[in-house]
Every structure is written in structure tokens, then in C-alpha cells.
Amino acid sequence: RYGHTMSMVQSRGKTACVLFGGRSYMPVGERTTESWNSVVDCPPQVFLFDLEFGCSSAHTLPELSDGWSFHLALAREDCIYFLGGHSLTSDSRPPRLIRLRVELLQGSPLLSCDTLETSISISSAIITRTGPTHRYIILGGYQSDSQKRTECSTVILDEKGIHFEPLESPQWTPDITHSRTWFGSSVGEGNVLLAVPTEGRPSQADTYYFYQVSFQTEGEAKEKEGSQGCSQESTDY
């Protein structure tokens with residue numbers, strides 16, 4: 001399984017791990033010679049792992065449909081928000097936002113879903129946290145197979161729900177702007193490492209440019225008033 005998310009929830013003094021979405025190889029009984037290495041979206045089940053007692057359970061909810069691969073997951077207390085994702089069946093990135101609530105009751109957990117409105121269509125994006133509160137930045141990812149999502153967004157989770165705010169994007173370099181693919185990961189509060197392959201240069205076919213993108217954190221914002229800023233540094237390998 002890959003392209004899934006794992007999140008931690010806290011409820012009634014207990015903690016559990018939630019696994020959702022992703023892809024895997026086709027079941028052995030359904031494979032043919034031509035489709036032996038083919039992958040499919042995993043069934044939209046929610047897997048709950050009790051880390052204290054070492055047990056797990058699988059849950060199916062009607063609000064969750066197929067195609068939750070390479071989505072985003074943000075958790076606060078007993079709620080997880082699933083955003084975006086790619087559907088292999090329809091080859092699309094539908095704009096969708098789901099809130100999953102997990103109540104860790106004695107004996108059997110209770111799971112419920114709410115469908116929320118969003119206009120964000122995204123997959124394979126990066127999330128970085130900017131401080132001790134539930135404030136995040138979404139960076140990178142794709143809007144379609146041929147279009148990267150170059151916009152950035154601030155996401156805030158509080159007791160009222162989830163909130164999105166526009167955020168000024170970095171001044172992307174020409175290599176980033178013209179590349180068809182990019183990927184990376186958060187490397188600490190307010191910091192993201194991006195990798196961009198060189199394209200159209202036969203002499204540098206296996207070369208990648210690495211960029212560290214830094215955003216202003218909450219602690220820095222208190223020391224220096226002003227809007228959220230960002231910077232880039234580049235290294236090639």
C-alpha cells in the first residue's frame with residue numbers, strides 16, 4: 001500500500017492511529033500476465049489501530065468513496081480532515097473535503113463523517129506545520145496530470161473546524177516553473193525540501209535540483225510583525 005495517510009487522534013483520554021486511502025497491487029486472483037504489475041485504489045475503509053492494546057478494526061462509511069490516493073490528512077483531537085486526492089478509476093482530482101470524527105468509546109469506537117465544501121483540487125501536496133498551534137501550509141502537488149499546483153495555502157484547525165487562507169507563493173525559479181514534476185517533504189516547522197528533475201538536457205538526464213523553501217513560523221511572527229514570508233535556496237546533484 002502506498003499513497004495513503006496515517007494520522008493520530010485523541011478522544012476521551014485515549015490515542016489511536018488512523019490509516020486511510022492509498023493504492024496497492026491488484027489481488028493475485030484478479031491479475032493476468034498483462035496486468036501483473038497493475039495497481040488499484042484501495043477500498044475506502046478506515047483502519048483504526050489501538051496502540052495501547054495492540055488491536056485494530058476496519059470501518060466502512062457511506063460518505064467515503066473510491067479514489068482516495070495521494071490526498072492530504074490533517075488531524076486535531078478527535079477529528080481528521082481528508083482533502084483532495086486522486087482517483088485512478090476516473091483519472092481525476094475531485095475537489096472534496098471530508099471531516100472524520102473518531103470517538104474512542106469503551107468497547108467499540110464510533111466513527112462519523114461530514115462532507116464539507118471546498119474548491120481545492122489537489123494531490124501529492126506537501127504539508128508543513130508553522131508552530132505549536134494547528135496552523136499549516138500546503139505547498140506543491142498537482143491540479144491535473146499536466147498542471148502543477150503552484151499556489152500556497154494556509155490551513156488553520158480550531159474548535160470551529162477547518163479554515164483556508166490564501167498565501168503568497170514564493171518566486172519560483174524557471175526550473176521549477178517549467179518542470180512537469182516535483183516532489184518533496186516537510187523538513188521541520190515552516191521548511192520544505194523540494195526536488196525538481198532537470199528536463200530537456202541530455203547531458204544532465206539524471207540531475208535533480210533541490211530547493212529548501214522556508215516560511216515564517218509563529219515564533220518568528222511574534223518577534224517580527226508583518227506578513228508571512230518565504231525564501232528559496234537551491235542545490236543541484
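Two strands pair if DSSP finds at least two bridges between them. Helices (H or I, at least four residues) and strands (E, at least two) are themselves DSSP runs, numbered from the N terminus.

## About this model

The structure above is a predicted model, where local features need pLDDT of at least 70 and side-chain atom pairs count only at pLDDT 80 or more, while totals for chains, interfaces and linings use all residues. Residues are numbered from 1 along each chain as its sequence is written, and side-chain values use heavy atoms, with hydrogens and water left out.

## The chain as a whole

Let's begin with the overall picture. The protein chain has two helices and 20 strands. Of its 237 residues, 42% are buried; here buried means under 20% relative accessible area, exposed means over 50%, and partly exposed is in between (1.4 Å probe, protein chains only).

The accessible surface of the chain is about 13000 Å², and carbon and sulfur atoms hold 49% of it. Such areas come from the Shrake-Rupley method with a 1.4 Å probe, and for residues only the protein chains shown count as cover. Now for contacts, meaning heavy atoms within 4.5 Å. Among the contacts in the chain with a separation of 6 or more, 46% join residues 24 or more positions apart.

Look for F49, which stands opposite S56 in β6.

## Two nonpolar cores

A nonpolar core is a set of buried Ala, Val, Leu, Ile, Met, Phe, Trp, Tyr and Cys residues joined through side-chain atoms within 4.5 Å. The largest one here has 18 residues, and V18, V46, L100 and V102 touch the most other members. At least two residues of this core come from each of β2 (14–20), β5 (45–50), β8 (79–83), β9 (97–103) and β10 (110–116).

Which residues does V46 touch, not counting residues up to four places away in sequence? Its partners are V18, L19, F20, S57, A58, H59, L61, L64, L100 and L111. There is also a second, separate core of 16 residues, and its members include I137, Y142, W182 and V192.

## A sheet that starts with β11

Another open sheet of four strands runs in the order β11-β12-β15-β16, again with antiparallel pairing. At the edges, pairing on one side only, are β11 (126–129) and β16 (161–167). Neighbouring strands in this sheet are turned against each other by 25° on average, direction ignored.

Within this sheet, β15 and β16 form a hairpin with two residues between them. Seven bridges link these antiparallel strands. D158 stands opposite G161 in β16, and L157 stands opposite I162 in β16.

## Cysteines

How many disulfides are there? With a disulfide taken as a pair of cysteine sulfur atoms within 2.5 Å, the count comes to zero. C42 is buried, at a relative accessible area of 6%, and C152 is buried too, at 3%.

C152 lies in strand β15 (residues 152–158). Leaving aside its neighbours within four places in sequence, C152 is in contact with I138, L139, P166, L167, S169, P170 and F215. P170 is 18 residues from C152 along the chain, and the C-alpha atoms of C152 and P170 are separated by 8.6 Å.

Is R12 buried or exposed? R12 counts as exposed because its relative accessibility is 58%. This residue is found in the loop between β1 and β2, and R12 has a positive phi of about 55° although it is not a glycine.

F70 also has a positive phi, of about 60°, without being a glycine. You will find F70 in the loop between β6 and β7 (72–76). With a relative accessible area of 27%, F70 is partly exposed.

How values were computed. Axes are lines fitted to C-alpha atoms, for helices over the stretch in contact, and angles run from 0 to 180 degrees between N-to-C directions.
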